[in-house]
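Walk me through the interface in this model, and then through the helix packing inside one of its chains.

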Amino acid sequence: LSSEEHIRFEELELLALGALPEDEAAALQAHISGCDECAVKLAQARGDAALLAFAVQQERPAGTIRAELMARIRANREAEAHSAWPVKPVEENRGGVAGQKADSGSGWWNWVLVPAALALALVSFALSWQNRRIASELQRERKAAEAMIRDREQIERLVGVLAAPDTVTVKLAGTSDAANASGVVKFNAKAGIVLYSADLPALPKDKSYQMWLVPVNGAPISAGLLGPGGHAWGSMWTADVPANTPAKAFAVTIEPVGGAPQPTGPKVLLGAA
Amino acid sequence: VTAQGTTGETTTDWSLLARIGQKDEDALSALYDRYSGLVFSEAKRILHDTGAAEEILQDLFYQVWRTAERFDPARGSLAGWLVVAARNRAISKLRRKSGKTEEVDEKGVSLKVDVESRAAQSLLLDKVRTVMGNLPENQREALECAYFEGMSHTEIAEKTGQPLGTVKTRIRSAMEALKKVLS
C-alpha cells in the first residue's frame, strides 16, 4: 500500500472487526496514522462493527459494581486532593575521596592533603549515611501512604457493600446458652463479605466467639472471630468468605482462642438468612 | 438537541460528559445507567465470566470519569467508543497471550445511530437481533468468530475449513446486511 493509495473500506471493516492477522493490521494502522481520510473511514467501520454489541442478550450488572465504581471515584478524588506531596528524589551521594595518590616527595604538601582527604572522607561518609536515612524514611512514608490508601479502599469497599441493594440483613438471637445475647449480620453473597456486630457476655481468656456462615449446602464456613484475631471495622467485625456462597443461616459459637476450623463449642447466637 | 443538551426527555451523552468533566458524580451515574447493561452484556458474551466483565465495565466508566475532556462530540460517538473499547479489552483478556487488540482512542468510533434513550436502544437491539437471526448460518458464524472470539479471517478459515476468500466474502455480506439497520 503506497502512501497515496487509500485503504479499501472492506479492509477497514475487517480491521474494525479485529479479523485481520497482526501483521496486516499493523500495516494498515501505519498508513492510517498518517491519513485522515482513512482514519475517518475506520471510525465509521468501527461504528458499524459496534452494532454487533446490540446483538447480545442484555443483562444488568450487579448493583455492587456501581457502588464500587462510585467508591473508587471518591477515593481517587481524595487521593488527588492529598497528593500535593512534593517528594524530591534522593540523589545518590557521589562525593568521596578522589583517587589521588599523594606524591611522596612533595613534603609539606602531604600535611595539607592528607587531613583534607580525611575530612572529605568523613563528610562523604556522613552524607552517605544521611542519604540512606532519608531514603529509608521516604520508603517508610511511602509504605504508610500505601497502607492508608489500602485501608481507605477497604473502607470504601465495605461502605459499598453496606449500601448495595443485594446485601441482606440477618438478625441473630441468643440461644439457651446466652439468652440475652443478640447480634446482626450484613451479608453480600456476591462480594463474599460479612459484616456483623453482637452483644455477648465476656468470655474466659482461653475462649473466643467465632462467627459461622452456614451455607445452603456443605459444612459451616468460618466468618471470623469477634475479638482478638478478628478484623474490626468501627463497632463491627468483618470477614471475607467465598463469593457467591448462598447462606442458610449465621451462627456464633464459643471456641478455643484463635478459633477452630469447624464449630466445636456451644452455639450462642443463631439467625436464619 | 437543545441548548441545555437534551433531546426531548433525554440528556445527551455530550451534555453528561461535560458535567463529568466538571466532576459531577450524578452525571456519571446517569451515563452508567444508560450504557452499563450494554457494556457488561457485551463483555460477558465474549468472556463468559461475570467477574471479568464487571471489571471491564468498572474500568471503562472509571476511565470516562478521569478523561472525559478527551472525548470530542464532533469526531466520535461515546456509546460507540464504550462498546468498541469494551470489546477490545474483553478480547485482550480472552487472548491474553497474543496481545492482539488495539486500544481505541476517544475519537475513533463513529456510530451513526442514536442510542441515548432506552427506547432507541431497545429499537436497535430488536433490529440488530432480527438481522442477525436472518443471516445465513455461515455468515453469522464468521462475523461472531471475528467480533466475539477475536479470530482473524485466516483462523476462521482454518476453523471452518473454507477458503480465505470465502470467509472474507461471508463477513462482508454479513456486514452489508447489518448496516441496513442504520437506513
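This is a predicted model: local features need pLDDT of at least 70, side-chain atom pairs count only at pLDDT 80 or more; totals for chains, interfaces and linings use all residues.

Residues are numbered from 1 along each chain as its sequence is written, chains are lettered from A and ligands numbered from 1 in the order in which they are written, and side-chain values use heavy atoms, with hydrogens and water left out.

Start with the interface. On the chain B side, 62 residues are in contact with 44 residues of chain A; contact means heavy atoms within 4.5 Å. The two chains bury about 5,000 Å² between them. Carbon and sulfur atoms carry 60% of that area. Buried area is the accessible area (1.4 Å probe) that two parts lose on being put together, summed over both. In chain B, the residues that lose the most area to chain A are B:Glu25, B:Gln58 and B:Tyr62, together 13% of what that side buries.

Next, the polar side of the interface. Between chain B and chain A there are 16 residue pairs in polar contact, both residues at pLDDT 80 or more. A polar contact is a pair of N or O atoms within 3.5 Å; within protein, one must be able to donate a hydrogen and the other to accept it, and residues adjacent in sequence count only if both atoms are side-chain atoms. By class, the chain B side that touches chain A has 29 nonpolar, 14 polar and 19 charged residues. Ala, Val, Leu, Ile, Met, Phe, Trp, Tyr, Cys and Pro count as nonpolar, Asp, Glu, Lys and Arg as charged, and the others, Gly among them, as polar.

Now the salt bridges (a side-chain nitrogen of Lys or Arg within 4 Å of a carboxyl oxygen of Asp or Glu). In one, B:Lys179 meets A:Glu13 at 2.8 Å, N to O. In another, the closest N and O atoms of B:Lys44 and A:Glu59 are 3.0 Å apart. This pair runs from helix H2 of chain B to the loop between helix H3 (36–50) and helix H4 (63–81) of chain A. Helices (H or I, at least four residues) and strands (E, at least two) are DSSP runs, numbered from the N terminus.

Finally, packing within chain B. H6(B) and H8(B) pack at about 95 degrees, with axes 8 Å apart. Axes are lines fitted to C-alpha atoms, for helices over the stretch in contact, and angles run from 0 to 180 degrees between N-to-C directions. The two helices are therefore roughly perpendicular. Angles under 35 degrees count as roughly parallel, over 145 as roughly antiparallel, 65 to 115 as roughly perpendicular and the rest as oblique. H2(B) and H6(B) pack at about 105 degrees, axes 9 Å apart. That makes H2(B) roughly perpendicular to H6(B). B:Glu42, B:Arg45 and B:Ile46 of H2(B) touch B:Glu144, B:Tyr147 and B:Phe148 of H6(B).
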